[in-house]
Each structure stands twice: as C-alpha cells, then as structure tokens.
Amino acid sequence: PMALGVASELDLCMNSLAIPRKAKQAIGAVTKLTHQETNATRTINVEYNQLDPLLRATGFVDGDVNDPATGYSPYPGNINQLVFRVDAYNRALDAAKGIMPEFVNPKYKDAEKTTFKKPTRLECMMQ
C-alpha cells in the first residue's frame, strides 16, 4: 500500500521497490546514470554482474563497495516490485506493440565459461 501511495502522491508513471544491498551482492542494483555527452539521466536497474565493471570504468576505482556509515552499497537492490499507472503503461505498450526485447543471461561454474552453474533462462529488462 505504501508504494501505491507514494506513486500517487508524486504522480509517477512507474515506480519500483528496492531493498538495502551489500556491495557485490548477486542482485540487480537501482542506479542513476548520466550520459556523459548529453547529461540526460535515467534511474535504471544495472545487473549485479555489470555494476562493478561499470563503476570501475567510469572513475570509481574501488567499484561497488559498502558505505562505511551504513554497511550497505549506495546502490539499493532491485526486487522487481513494479508499480505502473495503467494509462501510461497502456500508451507504452501501444507504442511498442507489446514487444519486449529479450536476452539470455547464463550463470557459469567456471572462468572458461564452459559449464553452466544452473539452467539459463530467457529474461527481459522490463524495469
């Protein structure tokens, strides 16, 4: 109920819930990214296996580390609890004709990436 109240109060088209997350924890992170050339910003999910390399590549030499004051990463964990305003969501579905790009995100047992840790699945970045 609180997520619905916040979304309504702030007149959000979409909102997602997050939880405290430890650095390098195997859960996607909610991040605010800024395009270097246009300064356009987006708050999006970054998959846990991409966050540390992304941070290191953009000047955060230590990557994903816990904040000493809180003991948690500054990037909260995305738990895929989404709240949509139905009229806005409907417009987005109409514009995309309901098509959502998909990808496979395998988890490997070994560094050579020859053995799967578990069966892989088809995923999409609906966040």
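The legends below describe close-up views of a predicted model. Local features require pLDDT of at least 70 and side-chain atom pairs count only at pLDDT 80 or more, while totals for chains, interfaces and linings use all residues. Residues are numbered from 1 along each chain as its sequence is written, and side-chain values use heavy atoms, with hydrogens and water left out.

**View A. Buried residues of helix α2, residues 48–57.** Helices (H or I, at least four residues) and strands (E, at least two) are DSSP runs, numbered from the N terminus. Leu 51, Asp 52 and Leu 55 of α2 are buried, that is, under 20% relative accessible area (1.4 Å probe, protein chains only). Viewed down the axis of α2, the buried residues fall within an arc of 90°, so they line one face of the helix; the arc is taken over the directions from the helix axis to the C-beta atoms. The cover over these residues includes β2 (29–34) and β3 (41–46), with contact meaning heavy atoms within 4.5 Å. Gly 59, which follows α2, has a positive phi, near 100°.

**View B. Asn 105 in the loop between β5 (102–104) and β6 (122–124).** Asn 105 counts as buried because its relative accessibility is 12%. Apart from neighbours within four places in sequence, Asn 105 is in contact with Glu 47, Asn 49, Thr 120, Arg 121 and Glu 123.

**View C. Gln 36 in the loop between β2 and β3.** With a relative accessible area of 73%, Gln 36 is exposed, a term applied over 50%. Gln 36 and Ala 7 are separated by 29 residues in sequence and by 29 Å in space, C-alpha to C-alpha.
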